[in-house]
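Please examine the structure shown below.

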Amino acid sequence: MKGIIKKNAHALTRELDWLSKVIDTSIKLYFEQEAPYQSIYDIPPPDITKDESFYAEVIKRDQTSIAERIVLLLSLAPHIRPQMLDVFLIKNKNLDKNFTEFGGVCDTKCNCFIPTGETAAFILAMNNLESRFDLFNLFCEDHYFKKRNILQIVKPKSYEPYLSGALILSLEYLSYLSVGLSKFTAVYAAD
């Protein structure tokens, strides 16, 4: 068990470092600041071809696209590196409120930023409507995220925009991606 935890931790450290660069670049590009990349898609993801972590197996098995990989990592980040999402808590000084375009839900219990579909849309599409519309496909019933019970977008209230729903990683996959087993789903279910 220790071996798989070490492999998962190593893989996810590299992946979250990559996601951090993606987030930083998307924010810099949005605010027209100097950025080392012209697009988030110019940032190469970690090579997982020889990676034996469960995360890498999922990515290889499902032939996960860059957009899907980013969404998966966004749903995982609050569980294992929540501080990396604090950048989305900056306020729009002109309106004295958080930036609507960043999306997110700020949970008072855990005092952290929970990414939403809108957060993914900001990173992946910015102001490109075609790319934004493509994002809807990641949350439909026939996408493997839903079919394999990997993650979902919480259905918002009837009057709220669809992408305002939180990105929620299933406990099963949180367990697989961290400890390599589905053991602690029973622990959470008992609470």
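**Salt bridges in the predicted model**

Aspartate 62 is buried, with a relative accessibility of 11%; buried means under 20% relative accessible area, exposed over 50%, and partly exposed in between (1.4 Å probe, protein chains only). The model is predicted, so local features need pLDDT of at least 70 and side-chain atom pairs count only at pLDDT 80 or more, while totals for chains, interfaces and linings use all residues. Residues are numbered from 1 along each chain as its sequence is written, and side-chain values use heavy atoms, with hydrogens and water left out.

Aspartate 62 forms a salt bridge with arginine 148 (2.8 Å, N to O), a salt bridge being a side-chain nitrogen of Lys or Arg within 4 Å of a carboxyl oxygen of Asp or Glu. This pair links distant parts of the chain, 86 residues apart: aspartate 62 is in the loop between H2 and helix H3 (66–80), and arginine 148 is in the loop between helix H6 (144–147) and strand E5 (151–153). Helices (H or I, at least four residues) and strands (E, at least two) are DSSP runs, numbered from the N terminus. Arginine 148 is partly exposed, at 37%.

A search of the whole structure finds eight salt bridges. In another of them, lysine 7 pairs with glutamate 52, their closest N and O atoms being 2.8 Å apart. Lysine 7 belongs to helix H1 (residues 2–30), whereas glutamate 52 lies in the loop between H1 and helix H2 (54–61), 45 residues apart. Lysine 7 is partly exposed at 36%, and glutamate 52 is exposed at 52%.
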